[in-house]
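I opened my notebook beside the model and went through it topic by topic. Here are my entries, in the order I made them.

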Amino acid sequence: MPKFTPKSFLLAWCAAAPLLLTACSGDRAPTAATPTATVAALPDTEWTTYGLDAAETRYSPLAQITASNVGDLGLAWSFDTGEVRGHEATPLIVDGVMYATRPWSSVFALDARSGKLLWNYDPQVDKSMGWKACCDVVNRGVAYYDNKVFVGALDGRLIALDAKTGQVVWETLTVDQGEPYTITGAPRIADGKVLIGNGGAELGTRGYLSAYDAQTGAQAWRFWVVPGNPAQGFENPDVERAAATWFGKWWEVGGGGTPWDSIVYDPDLRLVYVGTGNGSPWSHELRSEGKGDNLYLSSIVALKVDDGRLAWYYQVNPADNWDYTVVQPLMLANLSINGVLRKVIMQAPKNGFFYVLDRETGRLLSADPYSKVTWASGIDLESGRPIETPQARYGAAVAMVTPGPGGAHSWHPMSFNPNTGLVYLPTTQGSSFAYSVEQNFVYKPGTWNTGVTFGTLQGLPRLNAEQYRPGAGPERDAPGALVAWDPIARQPRWVVDYPFAINGGTLSTAGNLVFQGGADGILRAFTADSGDLVWMADLGVGIMAPPVTYALDGTQYLAVLVGWGGASGLIGKSAAGTFKGEGRLWTFKLGGDKNIVPVEGQPMHELSEISFDDNPELLARGADIYGKRCMVCHGANAVSGGSLADLRYALPATYDILDNIVRQGAYSGLGMPNLGKWVSEDDLKALKNWLLSRRAAEMAAVQQAAQRQ
Ligand code: CA
């Protein structure tokens, strides 16, 4: 078993006592003035691509800010984005200008020294299509190339902007807007081409990656992750080969595989590496009659940059059955393994194992659990295939499987520090999901089509305890952890536990530091070699995006975009206290302003009593409709994750117009879809009644808590 060095005690204590923040950072971080001599010698160092360098290591050689002086960090400047919801972007810094994106894909350019707004570009995404985004209307940033800034808009457009002015140079539609495709990922540049994927596998789409000429916007090539209808012919032999691993009529339900995040280019090998998404529907039984590996779902694929044709593939999860995407960040490194220097690619996909592959051949070198997993007991290094446990292939009976669809790690970037040899990985520990195949599944356009039962599991058969087999990986008490993974020793060197399941991406630096934001709105710095907490700042709103660092005019800056949302901000409350609020870009430097005023959270409405009918049948019907039509955005049991309205706290007037909102599209401009096709008038009455019962339960809980005080 790997040896852990938990730092949870200190962290929990500090996190629980925000007023003692100074004491926390002060205890651990003696402040030291920055020597002026080294300041003058610091060359300008910017952040020009998504993952900092071509290998996407997010390791900065900057060392003006160190583990011993980090306590002297203070505010350099901040910029309010004017948007709520999830802020996931990595800002780029090029020629003294910072480029970043907000929710709904708008782009802003700031003077990276002062934070002054230089230009703003809003692609005017039609907000009535926000429902297509499974996991919030987020955007993870832009690409920069040859005086142009490229952004993928939520509605599927790829747009090139003049970096100086923000004016559109060209734009092209990368998807059929009649289908539920979205773009949330940052484009990447490879050999003069702009690469962009798409999302939408939950709703029933066929995923692909496209390459466009960066100067003209002309399409160069397209890689189809999964085959379409064979009767219409195959686009190329790669697709034809994949089709031999599919059964049934998968094309009628999309197939999935949407590559919505990771793309890395190795200019030496001239290969583009892409992580592909989960199957659509999730259930392998419903998608492919329970037969075949379903290439190239849940895979790392290596594509030739000239024509997009396959060089090799490694399928992480053959016959995906759990929404186990492999779109998580890919990172390149050269590692000495058993005395041989290898060009490797590293990834920690949703399924809980950390993979190291030879990136020249696609051969698996190692795969080890970085969190508890129960779907597999290990990965066979000879065949490269997982050793699945019996419960992994669930049927009509409910089976608990770890990790669940949220995964043990999602898009949140990891970083790799060559000085320590460690990968700093944001993880979710021990999340599970009750999977069962939805009986009488029918594809419904415009809704989630996972083929898995959500919400009401009452009355379904369950696997009993004897039918479960243990999986692999460490069991941790904390719901989230920062894992410092040694990819050569194949185990963690240190772990920091978090009281929240989902936390931000990481940055590591030559100053022996790792920076990470938390769901609790606190930005933290740890020593890279040992995981000691050395600095923290309360920014008030949950942090998802990874910090970046850059140097201009002899000053090293640390910047992070803050704003809570994403899947976790929609579906589950994973942080205590206030974390919803307007987005802000924070930038720090040594000797900056120590008076850091957190963003003020948004107060909830007052609760007032509205009567409801406690008829059990009516309540059950309301709960069922909520589970099928509302839960994935408004949260399990109507408890909001913080990004969208907590329906229990709605104003009484809002309940009066619920029919207009749900069945007639009154709020479609805010991203609330018109569900008129799927929710009848009687359904709405049951739904409203159930929501009011949840409101009453919340009122009772609030009153009880008040009496105890
Ligand atoms: Ca998915």
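Predicted model: local features only at pLDDT ≥ 70, side-chain atom pairs only at ≥ 80, totals over all residues.

**Entry: calcium site.** I looked up N278 and found it buried, with a relative accessible area of 1%. For my own reference, buried is under 20% relative accessible area, exposed is over 50%, and partly exposed is in between, with a 1.4 Å probe and protein chains only. N278 gives its OD1 to the calcium ion, and the other protein donors are E202 (OE), E202 (OE) and D323 (OD). These donors lie 2.3 to 2.8 Å from the ion. I took donors as N, O and S atoms within 2.8 Å of the metal (3.2 Å for Na, K and Ca); water is not among the atoms, so sites may look incomplete. Along the sequence the donor residues read E-x75-N-x44-D. E202 sits in the loop between β12 (193-196) and β13 (208-213) and N278 in the loop between β17 (271-275) and β18 (279-280), so the pair ties together parts that are 76 residues apart in sequence. Strands are DSSP runs of E of at least two residues, and helices are runs of H or I of at least four, numbered from the N terminus. E202 is buried too, at 7% relative accessibility.

Residues are numbered from 1 along each chain as its sequence is written, and side-chain values use heavy atoms, with hydrogens and water left out.

**Entry: cysteines.** How many disulfides does the structure hold? I found zero, taking a disulfide as a pair of cysteine sulfur atoms within 2.5 Å. The sulfur of C630 has its closest cysteine sulfur in C633, 9.0 Å away, which is too far for a bond. C630 is buried at 10% relative accessibility, whereas C633 is partly exposed at 25%.

**Entry: nonpolar cores.** I defined a core as buried Ala, Val, Leu, Ile, Met, Phe, Trp, Tyr and Cys residues joined through side-chain atoms within 4.5 Å. The largest one has 72 residues, and Y99, F515, W535, L539 and F588 touch the most other members. Strand β38 (residues 555-562) contributes most to this core, with six residues. At least three residues come from each of domain 1 (1-80 + 411-430 + 476-561 + 573-603) and domain 2 (89-179); the bounds are from an automatic or database domain assignment. A second, separate core of 56 residues includes W282, V316, A376 and W690.

**Entry: aromatic rings.** My search of the whole structure turned up 28 aromatic pairs. Rings of Phe, Tyr and Trp (its six-membered ring) pair if their centres lie within 6.5 Å; planes under 30 degrees apart are stacked, over 60 edge-to-face, and the rest tilted. F433 and Y435 are edge-to-face, at 4.8 Å centre to centre and 75° between the planes. Y435 is buried at 0% relative accessibility, and F433 is buried at 17%. W494 and F526 have ring centres 6.4 Å apart and planes at 40°, so this pair is tilted. Ring pairs also link Y314, W322, Y324, F353, Y355 and W375 into a cluster.

**Entry: charges over rings.** I counted NZ of Lys or CZ of Arg within 6 Å of the ring centre and within 35 degrees of the ring normal. R58 lies over the face of Y50, 4.6 Å from the ring centre. R206 lies over the face of W224, at 3.9 Å from the ring centre.
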